[in-house]
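User: Please take a close look at the surroundings of the ligand. What holds polar contact with it, and which parts of the chain supply the shell?

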Amino acid sequence: MRSFTEDQVIFRDSYRKFLASEITPHMEEWREAGIVDRSAFKKAGDLGFLMIWPEEKYGGMGDEDFRYEQIIIEETARSGCKGWFNTLHSRLVGSYFKRFGTEEQRDRFLPKCVSGETILAIAMTEPGAGSDLAGMRTTAEDKGDHFLLNGSKTYISNGINSDVVIVAAKLAGAEKKHAMVLLIVERGMEGFERGRNLKKMGMPAQDTAELFFNNVKVPKANVLG
Ligand SMILES: Cc1cc2nc3c(=O)[nH]c(=O)nc-3n(C[C@H](O)[C@H](O)[C@H](O)COP(=O)(O)OP(=O)(O)OC[C@H]3O[C@@H](n4cnc5c(N)ncnc54)[C@H](O)[C@@H]3O)c2cc1C
């Protein structure tokens, strides 16, 4: 039995060429800078290499076959472009919109995620809460038409480049002690600040940063799930 379809074999070949022409030649420069240039996402988006799974109306291929992602992971590893974290944007974070997003949220956010104009991140870890997410201190307080978000996150991949961050927070004043909410925080929201781009032993081209939220008003339309 063949492991990949004919379309996937062609996709692999195109993605390999894309890496060789658009990513590999810049890796050294991006490692030095500690960040991949945003234009890489746009170029990948233009060629259909970001987010394969969203339906065509969002600009994707509407193909949920995980083997496309497998090809992206394999080819990226083979090329040595480890800081180019396509799969974080496309699968790890993007999938939250598929699983938990409303139709309105998918309409609003997915087209620009597919095109690479919007870069995604997810923020759960805090200085005192990694594996043990129940220890999170970031809170979201229900203020009627919005949540008031306060706290900080660390080790956030795409922390500097991201335009949209899915932030996990504890629901302030909830009856259930560990009640949480996922909020879609957008670049430019008042009170949302970025901290240091952290130095790491591996993946130096991947921006991994601290994020701070100081009375950020997140509208209820940006509650995920
Ligand atoms: C390069 C990089 C990128 C990252 N990107 C993101 C991101 O995009 N978004 C995000 O939210 N986070 C991100 N993280 C954070 C990552 O998810 C956390 O580092 C991870 O959850 C572990 O948390 P911690 O570092 O606080 O370690 P800890 O939770 O303190 O764990 C330390 C050690 O103790 C062990 N341990 C913990 N609890 C137990 C237990 N109950 N029993 C036994 N052993 C235990 C762990 O296995 C580990 O070996 C990133 C981290 C790195 C290094």
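Analyst: In this predicted model, a backbone N or O atom of Tyr 155 sits 2.8 Å from a nitrogen atom of the ligand. Met 124 uses its backbone, with an N or O atom 2.8 Å from an oxygen atom of the ligand. Each of these pairs is a polar contact, because the N or O atoms lie within 3.5 Å.

The protein buries 40% of the 980 Å² that the ligand exposes when taken alone.

Two elements give two or more residues to the shell: β1 (120-123) and β3 (146-157). The largest share, three residues, is from β3. The residues around the ligand include Ile 122 and Ala 123, and also Tyr 155, Ile 156 and Ser 157. By type, the shell holds five nonpolar residues, four polar and one charged.

Asn 161 lies in the loop that joins β3 to β4 (164-171). Is Asn 161 buried or exposed? Asn 161 is buried, because its relative accessible area is 6%, and buried means under 20%. Leaving out residues up to four places away in sequence, Asn 161 touches Ile 35, Val 36, Arg 38, Phe 41, Ile 119, Arg 187, Arg 194 and Asp 207.

Terms used. Residues are numbered from 1 along each chain as its sequence is written. This is a predicted model: local features need pLDDT of at least 70, side-chain atom pairs count only at pLDDT 80 or more; totals for chains, interfaces and linings use all residues. Side-chain values use heavy atoms; hydrogens and water are left out. A residue is near a molecule or strand if one of its heavy atoms lies within 4 Å of it. A polar contact is a pair of N or O atoms within 3.5 Å; within protein, one must be able to donate a hydrogen and the other to accept it, and residues adjacent in sequence count only if both atoms are side-chain atoms. Accessible areas come from the Shrake-Rupley method with a 1.4 Å probe; for residues, only the protein chains shown count as cover. Helices (H or I, at least four residues) and strands (E, at least two) are DSSP runs, numbered from the N terminus. Ala, Val, Leu, Ile, Met, Phe, Trp, Tyr, Cys and Pro count as nonpolar, Asp, Glu, Lys and Arg as charged, and the others, Gly among them, as polar. Buried means under 20% relative accessible area, exposed over 50%, partly exposed in between (1.4 Å probe, protein chains only). Contact means heavy atoms within 4.5 Å.
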